[in-house]
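Q: I am new to this structure. Please show me how to read its features one at a time.

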Amino acid sequence: MHGPAMSGWLLMALCAVTGAYCLLRSGGETGEGRRAARAEALMGFGMAAMAVPAAVMTPPAWGWAVYAGLFGVASLRALWSLRRSGHHLHHLVGSSAMVYMALTMAPGVGAAHGGHTGHGVAAAGGVPLLTGLLLAYYAVYVLWSGSRLIPATAGGGGPAGGGWSTRPELALACRLTMGLAMFAMLLTL
C-alpha cells in the first residue's frame, strides 16, 4: 500500500495479529462460527500481506493477480454462504474490496504505475466512486461495531465459559480492527 513505511508496518502487524487470533478462535467454534472465523483469518492475513510497505518489498507483478484470484474465490464462497447467514454479506464486501484493491495496485493498471488513465481497471487510487462507497461502508461498519463493543465490555464480567478465544467481545474487537484496517488501506490506495 502507499504511505509511510512505519504506518505500513503497524498495519501489517495489526492485521497479522488479528488474523492469528481469528485462526485460534476457529478452533473453539463449530459450524457457522468456525467458517466465519476462518474467513476472517484469511482476510486478516491477506490484509497483512497487502500492507507490507512497498519500499521494503514490492510484490512481483503476478502477486497482485494471486491476491485478486484468492479473494475472488473468497468472494464466491461468501456469496454462496449468504444463503445460511447474513453475516456473510460483510465477508462478501470485504473480499470484493480486497479484489478491487489488488487490481488497483497491480503494476501497469493506473497512472501511478506509468500507465495511462483509462487503459486498465482503475487509475491511481482506483475508481473514485467505488473507493468512496467502500470508505463509507467501512466508516459506518466501524462505528456500528464500536457501538456494539461498548455494551459488551461495560458489563464488566469475565468470560461466561470457555477460554479467552471464545469471548464474544474479542471476536467483535477483531472485526472492528479489521474494519479499521480496511478503511486505512482504502485511504492509502
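Q: In which helix does Leu130 lie?
A: This is a predicted model, in which local features need pLDDT of at least 70, side-chain atom pairs count only at pLDDT 80 or more, and totals for chains, interfaces and linings use all residues. Residues are numbered from 1 along each chain as its sequence is written, and side-chain values use heavy atoms, with hydrogens and water left out. Helices are DSSP runs of H or I with at least four residues, and strands are runs of E with at least two, numbered from the N terminus. Leu130 lies in helix α5, residues 128–154.

Q: What elements does the chain have?
A: There are 6 helices and 0 strands.

Q: Is Leu130 buried, partly exposed or exposed?
A: Buried means under 20% relative accessible area, exposed means over 50%, and partly exposed is in between (1.4 Å probe, protein chains only). Leu130 counts as partly exposed because its relative accessibility is 36%. Across the chain of 189 residues, 40% are buried.

Q: What share of the contacts with a separation of 6 or more joins residues 24 or more positions apart?
A: A contact means heavy atoms within 4.5 Å. The share is 72%.
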